[in-house]
Amino acid sequence: ASPQALGHARRSLFAPLAREARPAMFQCRMCSENPFQQMFGGDGGGQAKEAKKKKKNQQPGQPRRPSSNRNEASFNPRTDAEVRQVVQQWEQYVHPRAREFFSTPEMLEEVLGQLAKGIDRNDDPVLGADDRCVFWYGDVTAAAIRMVKPGETTESVTYVNRVLAFIFATDESFDQLMKLPKEPFKMNCGDQLCVHLAHISLGV
């Protein structure tokens with residue numbers, strides 16, 4: 001596919017988000033900070049710890065968030081061959097920022113493979129229909145994955161929707177998402193175990 005076609009495809013991934021008008025991002029993102037560090041934070045376990053702390057501090061009697069519509073019993077994992085196939089499909093839409101960050105193609109493929117293994121074989125968070133949630137079934141709760149970032153030797157726990165946005169979001173959408181707190185992005189569908197790119201909200 002031509003660069004123009006891939007650019008159009010990437011723009012269409014976040015088309016639902018374009019309806020939410022937001023101020024422009026600061027002028028020079030790349031020259032001031034590593035976007036991956038800005039997106040995920042420097043402390044690999046900090047995100048999970050912060051989420052746990054917030055849960056602990058929740059006062060009795062406060063309403064809980066609605067439960068997810070995910071049904072673990074219905075999960076159909078991809079075979080190894082299906083994982084390789086979907087990774088090859090996704091690689092066509094990877095943003096240059098992700099290719100630049102992951103020092104080798106194998107490192108990028110490893111992360112994409114983890115994502116594919118944690119999602120039902122019939123669902124696709126990148127190319128799937130916008131009107132259907134894509135639930136996370138990975139081995140880490142709260143829709144997160146374990147990964148070793150380039151330049152580090154220990155695993156970090158990182159939220160899936162932040163990883164997907166870093167790898168696939170257009171520059172415009174990514175810049176808007178960078179303004180948000182280093183927490184799981186809110187999902188427009190209201191289900192925080194959904195990881196569909198088109199369901200990511202640009203709101204706080």
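**Reading helix packing and a buried loop residue**

User: Leaving aside neighbours within four places in sequence, which residues is D120 in contact with?

Analyst: This is a predicted model. In it, D120 touches S74, F75, N76, R78 and Y137, once its neighbours within four places in sequence are set aside.

User: Where is D120 found, and is D120 buried or exposed?

Analyst: D120 belongs to the loop between helix 7 and strand 1 (144–147). A residue counts as buried when its relative accessible area is under 20%. The value for D120 is 6%, so D120 is buried.

User: How should the length of helix 5 be read?

Analyst: Helix 5 (residues 80–91) has twelve residues, and at 1.5 Å a residue they should span 16 Å. The C-alpha atoms at its ends are 17 Å apart, which agrees.

User: Which residues of helix 5 are buried, and how are they arranged around the axis?

Analyst: The general idea comes first. An α-helix has 3.6 residues a turn, so residues three or four places apart point the same way. In helix 5 the buried residues are V83, V86, V87, W90 and E91. Viewed down the axis of helix 5, these buried residues fall within an arc of 140°, so they line one face of the helix. The face turned away from the buried side of helix 5 carries the exposed residues R84 and Q88.

User: What covers the buried residues of helix 5?

Analyst: The cover includes helix 6 (96–101), helix 7 (105–117) and helix 8 (160–168). Between helix 5 and helix 7, residues V83, V86, V87, W90 and E91 of the former meet E109, L112, G113, L115, A116 and K117 of the latter.

User: How is the packing of helix 5 and helix 7 described?

Analyst: Two packed helices are described by the angle between their axes and the distance between the axes. The axes of helix 5 and helix 7 come within 9 Å and cross at roughly 120°. The two helices are therefore oblique to each other, and their crossing is right-handed.

User: At what angle do helix 7 and helix 8 pack, and which residues meet?

Analyst: Helix 7 and helix 8 pack at about 135°, and their axes are 12 Å apart. That angle makes helix 7 oblique to helix 8. The crossing of helix 7 and helix 8 is left-handed. At this contact, L108, V111, L112 and L115 in helix 7 meet V160, V163, L164, I167 and F168 in helix 8.

Terms used. Residues numbered from 1 in each chain as written. Predicted model: local features only at pLDDT ≥ 70, side-chain atom pairs only at ≥ 80, totals over all residues. Heavy atoms only, no water. Helix = DSSP H or I, 4+ residues; strand = E, 2+ residues; numbered from the N terminus. Expected span 1.5 Å × (residues − 1). Buried < 20%, exposed > 50% of the residue type's maximum accessible area, 1.4 Å probe, protein only. Arc of directions from axis to C-beta. Contact = heavy atoms within 4.5 Å. Axes fitted to C-alpha atoms, helices over the stretch in contact; angles between N-to-C directions. Parallel < 35°, antiparallel > 145°, perpendicular 65-115°, else oblique. Left-handed = near helix turned anticlockwise from the far one by under 90°.
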